[in-house]
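User: I am new to reading protein models. Please take me through this one in short questions and answers.

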Amino acid sequence: MDKIVALCKRRGFIFPSSEIYGGIGGFWDYGPLGVELKRNVREAWWQDMVLRHDDTTPPPGMPSAYAMVGIETSIIMHPQVWKASGHYDLFHDMLVDCRHCKARFRADQLASSQCPEKPSKRPGEHTTCDLTPPREFNLMFKTYVGALVDPESEAYLRPETAQGMFVNFRNVLATARVKLPFGIAQIGKSFRNEITPRYFTYRSREFEQMEIEFFCRPEESRAWYEYWRDRRLRWYVSLGLRSDRVRLREHSPEELSHYSCGTADIEYAFPFLPEGEFGELEGIAHRGDFDLRSHMEGKLVRQGGELVVERGPDGKPVHPGSGKDLTYFDEETGERIVPHVIEPSAGVDRSVLAFLCEAYDEDVIPDEKGVPQPRVVLRLHPRLAPVKAAVLPLIRKEGMPEVALELYRELKRSWNVDYDDKGSIGRRYRRQDECGTPYCFTVDGQTLSDGTVTVRDRDTTRQERIRMVDVPGFLRERLGG
Ligand code: GAP
């Protein structure tokens, strides 16, 4: 993991936020390569889940075709959204403070935490440790809307993008002419005041989510849950996560949230975790009708197996919903129903981290004189690679730079392409390997006479000659459009 963090810093993938001021825990900046990688992850998700999705044919084994539409909702929403959804009361971790050293720990992570006092021990193990009993700590960041700092103007940075989709259910129904089943997709920033941000970007305080709320008929919801669970796993594998490091784990009944009829996590064996342990990449939850009902009726609680509105001593809802009708009228059956929801909820930053961890490799390859040279190579899937190709003139004279620049400018119209004429050709290849560039095109003496270039493959390091006019087609075929 240290090597990956160092590479991210050295090559401009990820930097600590506000680094010149010493950084700020749980916040990260993406550099020139990181921002392209992240864009490619978002783009792959949006293309595969929303745009390229076939909405005219039922997927194999499923009863109906479905539509997917996108949305982008605000980060700060009406505070009642978080009260009705349950986040205001329940979105917390238990924390433990040390009265002596003032350090703060997550109660469920005491065994894996370290007391800041030397020699390093676990919290509570020094004679001076003075731990408080566990206390609730709400993870939502609070802010104030408008000029007055008073309870009336309190608002929250969203801790998930999901609620923006539920509260727009009516708007989407009314405008997109969608019928059940259909999905709403959103990518955007979320914020959680994590007690112990850690493992590089894995647990951050500001991060990005890619979420789908898939609305369906209750009787079909179990089948759609299984469909989404399996489809989302295949997506990660299709983009290069090896199947022995990525796995699907169904939650046991005790682990399920109070509203969930089924949840599975897609997990990855991140290198910072102890051998054999996996960390969550994405959760796929069967949420029943919990969310739409909460926003109609008010905050729900489970009572004797039933979800009911939580009421105060006066009989009124503790946190009222909107009172708006979020039901669906089924024209075929003439029924009004509250659709059930399947929610595949992924993290952009965690996906980026998993793809980086999976791609990182070290090997030894011969340089142009045949001398073995160690190299670091990022074997990123071509769709995710921040730079798709590099154009390299073998030497900086004899007309090669002019031809190389012409090819570079042409490719740049379609892809993020690099031009590099500095240093030995072997060094230039290794520089590209380190940032995951799948192909290098080298313009040499032969190019000037027969119009061919060498193309070098990052993973195999094999080289072949192709016609310069065929380079765009070569790339298009391998980069998937
Ligand atoms: N709407 C459901 C929801 O938000 P979640 O399991 O809390 O579910 C979904 O979050 C995904 O968001 C996680 O699987 C993870 O990829 C990402 N995520 C959650 N908290 C995160 C954090 N503190 N830092 C980075 N990513 C996080």
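User: How many aromatic pairs does the count come to?
Analyst: This is a predicted model, where local features need pLDDT of at least 70 and side-chain atom pairs count only at pLDDT 80 or more, while totals for chains, interfaces and linings use all residues. Residues are numbered from 1 along each chain as its sequence is written, and side-chain values use heavy atoms, with hydrogens and water left out. Rings of Phe, Tyr and Trp (its six-membered ring) pair if their centres lie within 6.5 Å. By this rule the count of aromatic pairs is 27.

User: Are the rings of F166 and F215 stacked, tilted or edge-to-face?
Analyst: Planes under 30 degrees apart count as stacked, over 60 as edge-to-face and the rest as tilted. The ring centres of F166 and F215 lie 6.3 Å apart. Their planes stand at 85°, so the pair is edge-to-face.

User: How far apart in sequence are the parts that F166 and F215 tie together?
Analyst: Helices (H or I, at least four residues) and strands (E, at least two) are DSSP runs, numbered from the N terminus. F166 lies in helix α5 (residues 162–166), and F215 lies in strand β10 (residues 206–216). The pair therefore ties together parts separated in sequence by 49 residues.

User: Are F166 and F215 buried or exposed?
Analyst: Buried means under 20% relative accessible area, exposed over 50%, and partly exposed in between (1.4 Å probe, protein chains only). By that rule, both F166 and F215 are buried.

User: What kind of pair do F182 and F215 make?
Analyst: The ring centres of F182 and F215 are 5.4 Å apart. F182 lies in strand β9 (residues 182–191) and F215 in strand β10, so the pair ties together parts 33 residues apart in sequence. F182 and F215 are both buried. Their planes meet at 35°, so the pair is tilted.

User: Which residues form one aromatic cluster with Y66?
Analyst: The cluster includes the tryptophans W224 and W228.

User: What length is expected for α9?
Analyst: The expected span of a helix is 1.5 Å times one less than its number of residues. From first C-alpha to last, α9 reaches 16 Å. That is close to the expected 16 Å.

User: Is W415 buried or exposed?
Analyst: W415 sits in the loop between α10 (400–412) and β22 (417–419). Its C-alpha is 9.7 Å from that of L479, which is 64 residues away along the chain. The relative accessibility of W415 is 11%, so W415 counts as buried.

User: Which residues is P16 in contact with, leaving aside its neighbours within four places in sequence?
Analyst: P16 lies in strand β1 (residues 14–16). At 26% relative accessibility, P16 counts as partly exposed. Contact means heavy atoms within 4.5 Å. With those neighbours left aside, P16 touches K9, F27, W28 and D29.

User: What share of the protein chain counts as buried?
Analyst: The protein chain has 13 helices and 25 strands. Its C-alpha atoms fill a box of roughly 90 × 70 × 50 Å along the principal axes. Of its 481 residues, the buried share is 52%.
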